[in-house]
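Colleague: I have not looked at this one before. Can you walk me through the model?

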Amino acid sequence: MTTAPERTADLYPTRGAREVLVERKDPVVWSAPGTPGPFTDEELAGFDRDGFLAVDQLLTPDEVGVYHAELERLVNDPEMRANERSIVEPRSQEIRSIFEVHRISEVFARLAADPRVAGRARQILGSDVYVHQSRINVKPGFGASGFYWHSDFETWHAEDGLPNMRTVSVSIALTRNYDTNGGLMIMPGSHRTFLGCAGETPKDNYKKSLQMQDAGTPSDEALTGLAAEYGIKLFTGAAGSATWFDCNAMHGSGDNITPYPRSNVFIVFNSVENAAVEPFAAPVRRPEFIGARDFTPVK
């Protein structure tokens, strides 16, 4: 286990008395053009511009079957339901997310290390990477709640101590994403501006925020301004498709009131050169299963 470095300068202040907009101070793509990897230079340029990139068929149908079966096994395991890594829906009390799946499942550990996945993360971040967070998300039909608008980096900076925007996420669909079943929405280009949110972080905020976000939530006025400037992109696609997105992209998803379930596996890669320090705007660190402090590179 690696201990956290000393805290560094705060480039992105948040959780203060008022909201603040800060121009991004970090690169989006950290590798040089021509760096070998699954992405082409043109794809990386698009990621740099928009803050996201969709891959139509990252996994084969057979692979999707393997990962979806593993998701179902974990969600239906009574011992897993009682585990602190499991988050339940406030209304239905059904499992909404299970964290640290790359540690509790050999199946998802292989996915996190797959060159199609980790290789793209290394290419974007320009270094070796480790898994800062992993989880499976389950959105069954008829009422599964969404995830309100947010920047992941705002939380990871404030509550986990990630100093720089050198982190990338991938959401891999294990069911079809329709335009009606609570799919991922991103504001293209919003990754260029950091929105520091107002309000202090309560102790153990994660226990509430993983069910219903409060601290770190942008105001309606700020979201209206960002949407007017950047617009909103909704992602659809078959099971096996994937969306890579920058840590500071403003994103969210709506409730799923359709009969069609939506499930995905979500993996966050952080550069080993961006190791977490002490939280910048929270009284205590979040647990390791939410924000890892083992900075061992993915192999």
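Modeller: A term to begin with: helices (H or I, at least four residues) and strands (E, at least two) are DSSP runs, numbered from the N terminus. Arg 96, for instance, is found in strand E4.

Colleague: What kind of model is it, and how are residues numbered?

Modeller: This is a predicted model, in which local features need pLDDT of at least 70 and side-chain atom pairs count only at pLDDT 80 or more, while totals for chains, interfaces and linings use all residues. Residues are numbered from 1 along each chain as its sequence is written, and side-chain values use heavy atoms, with hydrogens and water left out.

Colleague: Back to Arg 96. Is it buried or exposed?

Modeller: Arg 96 is buried, with a relative accessible area of 3%. Buried means under 20% relative accessible area, exposed means over 50%, and partly exposed is in between (1.4 Å probe, protein chains only).

Colleague: What share of the residues is buried?

Modeller: 56% of the 299 residues count as buried.

Colleague: And which residues touch the most others in the largest nonpolar core?

Modeller: Trp 244 and Phe 269 do, in a core of 42 residues. Another core, of 20 residues, lies apart from it, and Phe 153, Phe 194, Phe 245 and Phe 266 are among its members. A nonpolar core here is a set of buried Ala, Val, Leu, Ile, Met, Phe, Trp, Tyr and Cys residues joined through side-chain atoms within 4.5 Å.

Colleague: Switching to helices. How many residues of H7 are buried?

Modeller: Nine of the nine residues of H7 (residues 152-160) are buried, so the helix is largely enclosed by the rest of the structure. Just after H7, Gly 161 takes a positive phi of about 85°.

Colleague: Which residues other than glycine have a positive phi?

Modeller: Arg 15 is one of them, with phi near 60°, and Glu 100 is another, at about 60°. Most residues other than glycine have a negative phi. Arg 15 is in the segment before strand E1 (20-23) and counts as buried at 6% relative accessibility. Glu 100 is in the loop between strand E4 (95-99) and helix H4 (101-104), and at 9% relative accessibility Glu 100 is buried too.

Colleague: Last one, Thr 296. Where is it?

Modeller: Thr 296 is in the segment after strand E13 (262-271). At 48% relative accessibility, Thr 296 counts as partly exposed.

Colleague: What does Thr 296 touch?

Modeller: Not counting residues up to four places away in sequence, Thr 296 touches Val 129 and Tyr 130, where contact means heavy atoms within 4.5 Å. The C-alpha atoms of Thr 296 and Val 131 are separated by 8.5 Å, although the two are 165 residues apart along the chain.
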